[in-house]
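Dear colleague,

Please find below the structure that I am handing over to you. My notes on what was found in it follow directly after.

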Amino acid sequence: MVQATPFLLVFCLALGAHSLPAKKCSLIGSWVNDLGSNMTIVAMNEKGDFVGSYHTAVTATMNEIRLSPLQGSLQRTNQKGQPTFGFTVNWSFSDSITVFTGQCFVDEDGKEILKTMWLLRSHVDNIKNDWKATRVGINVFTRLQRQK
Ligand code: BTN
């Protein structure tokens, strides 16, 4: 009986740890990406539609960068706390538009991370220039820590 006690203890702890709910990834809040761009997602409805704002650190134009609106949609079917999503940024200071698609992950340290791919569509004056109108890339977002 004395020998069985440590075994039972470990067994119960293992059971308990297994039944702990895994941390869920949420898009709401402020994020910074690998380019230094900031994005804030402020509201999401029951369907998963969300809105926010985006401040890019870089631009393909010569224009002065301004805060731009974003709107997107979170997939909620069978996502196991790490949902996929997409959003569009309609740039306030240029005639371009960017679509992002990605997934919200919780890493091994319990830190939320957004892995995304984007397409940036620039306006061109002529259909002959269509071939060079779309850039593609990857951005990784982490939560922006609030200043204390
Ligand atoms: C423009 O230059 O016309 C608008 C700004 C585009 C910024 C791009 S969108 C993809 C990439 N990720 C960012 O955070 N900024 C750039």
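Asn-33 has its place in strand S1. The model is a predicted one, in which local features need pLDDT of at least 70 and side-chain atom pairs count only at pLDDT 80 or more, while totals for chains, interfaces and linings use all residues. Residues are numbered from 1 along each chain as its sequence is written, and side-chain values use heavy atoms, with hydrogens and water left out.

With a relative accessible area of 6%, Asn-33 is buried (buried means under 20% relative accessible area, exposed over 50%, partly exposed in between, with a 1.4 Å probe and protein chains only). Leaving aside neighbours within four places in sequence, Asn-33 is in contact with Tyr-54, Asn-139, Val-140 and Phe-141 (contact means heavy atoms within 4.5 Å). The side chains of Asn-33 and Tyr-54 also make a polar contact at 3.1 Å (a pair of N or O atoms within 3.5 Å; within protein, one must be able to donate a hydrogen and the other to accept it, and residues adjacent in sequence count only if both atoms are side-chain atoms).

**The chain as a whole**

The protein chain holds one helix and eight strands, in the order α-β-β-β-β-β-β-β-β from the N terminus. These elements are DSSP runs, numbered from the N terminus: helices are H or I with at least four residues, strands E with at least two. Of the 148 residues, 29% count as buried.

**The disulfide**

The count comes to one disulfide, a disulfide being a pair of cysteine sulfur atoms within 2.5 Å. Cys-25 is joined to Cys-104, with an S to S distance of 1.8 Å. Cys-25 lies in the loop between helix H1 (4-19) and strand S1 (29-33), and Cys-104 in strand S6 (residues 97-106), so the pair ties together parts that are 79 residues apart in sequence. The torsion about the S-S bond is about -75°, so this disulfide is left-handed. Both cysteines count as buried: Cys-25 has 8% relative accessibility and Cys-104 has 0%.

**The largest pocket**

The largest pocket is lined by 20 residues, of which Thr-56, Val-58, Trp-91, Thr-98 and Leu-120 lie nearest its centre. A pocket is an open set of points on a 1 Å grid over the protein atoms alone, where a 1.4 Å probe fits, with protein on both sides within 12 Å along at least five of seven lines; lining residues have an atom within 4 Å of a point. S6, strand S7 (112-121) and strand S8 (134-143) each supply at least two residues of the lining.

With kind regards
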